[in-house]
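This report goes through selected local features of one protein model. Please keep the coordinates open while reading.

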Amino acid sequence: MREYRKFYIGGQWVEPATSQTFPVINPATEQVCGTVAAGSAADVDRAVAAARAAFGPWSAGSVRERLDLLAAIAAEYERRRANLAAALTEEMGAPAALANGFQVDLGAGHLQTAIAALEEFRFTEQRGPSLIAKEPVGVCGLITPWNWPLNQIAVKVFPALATGCTVVLKPSEQSPFTGQILAEILDAAGTPDGVFNLLQGDGPGVGVPLSSHPGIDMISFTGSTRAGVDIARNAAPTVKRVTQELGGKSPNIVLDDADFATNVAKGVVTMMNNSGQTCSAGTRMLVPAARMPEAVAAAREAADRISVGDPTGEFAMGPVVSGAQFDKIQALIRKGIDEGATLVTGGTGRPDGLEVGFYVKPTVFADVTNDMTIAREEIFGPVLTILGYTDIDHAVEIANDTEYGLAGFVAGTDLEQARAVARRIRAGSVAINGGFDFAAPFGGYRKSGNGREWGASGFEEYLETKAILGYEPADAPL
């Protein structure tokens, strides 16, 4: 049983303002696996004050000092990999192989990417008679979700520190353990007092006072579109910067010239990774309508091969994060059946033999039309919808017929055609044949958010741009 009853503020582990706590539920057992202190507005005030006091000296420091700190954090992160992985499995049900692998690897990858970007980043640029300077925005409030905890913390905390900002981090109350361990990592690495601060709590207790606080210069949020709208409203009176990475309903267009069965199967497995709890997942698979029977056969076979069970074992898929999430997914599966989509495999209820835990059957629907609820709402579970298209123009039309625009996927042998289709998809990132790049900007169009994370592009969100006119080129710093 984990007990985390202190916050990390001003370089110290401190008692919260109140004695309130909340339980953390292991989604595989439905039992309490830990207790975390519940923060309040008073705790936010204290953390913001610590970050504000640290901002002056930290922002005035050298790039070399920031690089040295990030390198020390990276070394400590590697030392604590096993602790981080175990926490992920316990708090959110990530299978051991996924937790020890991609979940922890993402955090490490973004840290190394931030180091590489900082080594090359130019904070000043001479443009004719003017000097354009990039300066840290200030104290940043970072609010992260439960589904990829280390990834989402890493793409916020490390660029913020690299650019000279100070931060107050609030992880999700549903997966708070990894944030707590990360605070221990930053403390052990020698992070200066107040540069990084950690609060635990829920949206009303910590999220609202953090996003509305006049001492916070920027809010970076990842989560649902609904919560993102609320945060923007809370931040508006103080006119602080707000960046958001929100929901998605991403299309995966399988072109007619693709290795069809292989790409359909790959799309199923990739989408259901992390129990389908990925905002950028290709949940709408688009296939040529004439080849729908082939797609159904390949998708059924791939989904039925996905093993589901105890995340501490050797299963490919564990539970979803909570009872509320389980109930939402079940309701949407039932909605798909009621609206006339063809249930290929899976369906409502737990997989056979699993009576306890928030386990969902890997589910595939075919013959879906884009006006159905399961094609429009973000399900955030292992549920794939397959839609048919008549030609490329029709595929692009379906792909873009959504209020979201976080990601897209294209699979095809003819790279010129695949590239042309990718250019037409209205989304922040589009992967051709499974491409992946830590340095590429990530973020969404429309209701999928605003701003970009990952790599050097993520630095820009934490910087203000200052123009110094009449700055002669000869006087510009190197």
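The sections below cover the basis of the model, its cysteines, a lysine, a strand and the salt bridges.

## Basis

The model is predicted; local features need pLDDT of at least 70 and side-chain atom pairs count only at pLDDT 80 or more, while totals for chains, interfaces and linings use all residues. Residues are numbered from 1 along each chain as its sequence is written, and side-chain values use heavy atoms, with hydrogens and water left out.

## Cysteines

A disulfide is a covalent bond between the sulfur atoms of two cysteines. Here the term stands for a pair of cysteine sulfur atoms within 2.5 Å, and the structure holds 0 of them.

Seen from C165, the closest cysteine sulfur is in C140. C140 is buried at 0% relative accessibility, and C165 is buried at 0% as well. Buried means under 20% relative accessible area, exposed over 50%, and partly exposed in between (1.4 Å probe, protein chains only).

## Lysine K240

K240 is located in the loop between α8 (225–235) and β12 (241–245). Helices (H or I, at least four residues) and strands (E, at least two) are DSSP runs, numbered from the N terminus. K240 is buried and lacks a salt bridge; D217, the nearest side chain of opposite charge, is 7.9 Å away. A salt bridge requires a side-chain nitrogen of Lys or Arg within 4 Å of a carboxyl oxygen of Asp or Glu. For charge, Lys and Arg count as positive and Asp and Glu as negative, with His and the chain ends not counted.

The side chain of K240 does reach the backbone oxygen of H213, at 2.8 Å. The side chains of K240 and T238 are joined by a polar contact of 2.5 Å. A polar contact is a pair of N or O atoms within 3.5 Å; within protein, one must be able to donate a hydrogen and the other to accept it, and residues adjacent in sequence count only if both atoms are side-chain atoms. Leaving aside residues up to four places away in sequence, K240 touches several residues, including S211, I216 and A235; contact means heavy atoms within 4.5 Å.

## Strand β5

β5 pairs with β1 (residues 2–4) in the parallel sense over 3 bridges, where R2 has G34 as its bridge partner. Two strands pair if DSSP finds at least two bridges between them.

β4 (residues 21–26) pairs with β5 in the antiparallel sense over 6 bridges, and N26 stands opposite Q31. The hairpin of β4 and β5 has 4 residues between the strands, and E30 takes a positive phi near 65 degrees there.

## Salt bridges

How many salt bridges does the structure hold? The count is 26. In one of them, K170 and E173 have their closest N and O atoms 3.5 Å apart; K170 is buried at 4% relative accessible area, whereas E173 is partly exposed at 27%. Another joins R226 and D230 at 3.6 Å, N to O. Both residues lie in helix α8, 4 residues apart, about one turn of the helix. R226 is exposed at 60% and D230 partly exposed at 32%.

E403 and K447 form a salt bridge with closest N and O atoms 3.3 Å apart. E403 lies in the loop between α13 (392–400) and β18 (407–411) and K447 in the loop between β19 (429–432) and β20 (449–450), so the pair ties together parts 44 residues apart in sequence. E403 is partly exposed at 37%, as is K447 at 43%. Salt bridges that share partners also join E78, R81 and D105 into one network.
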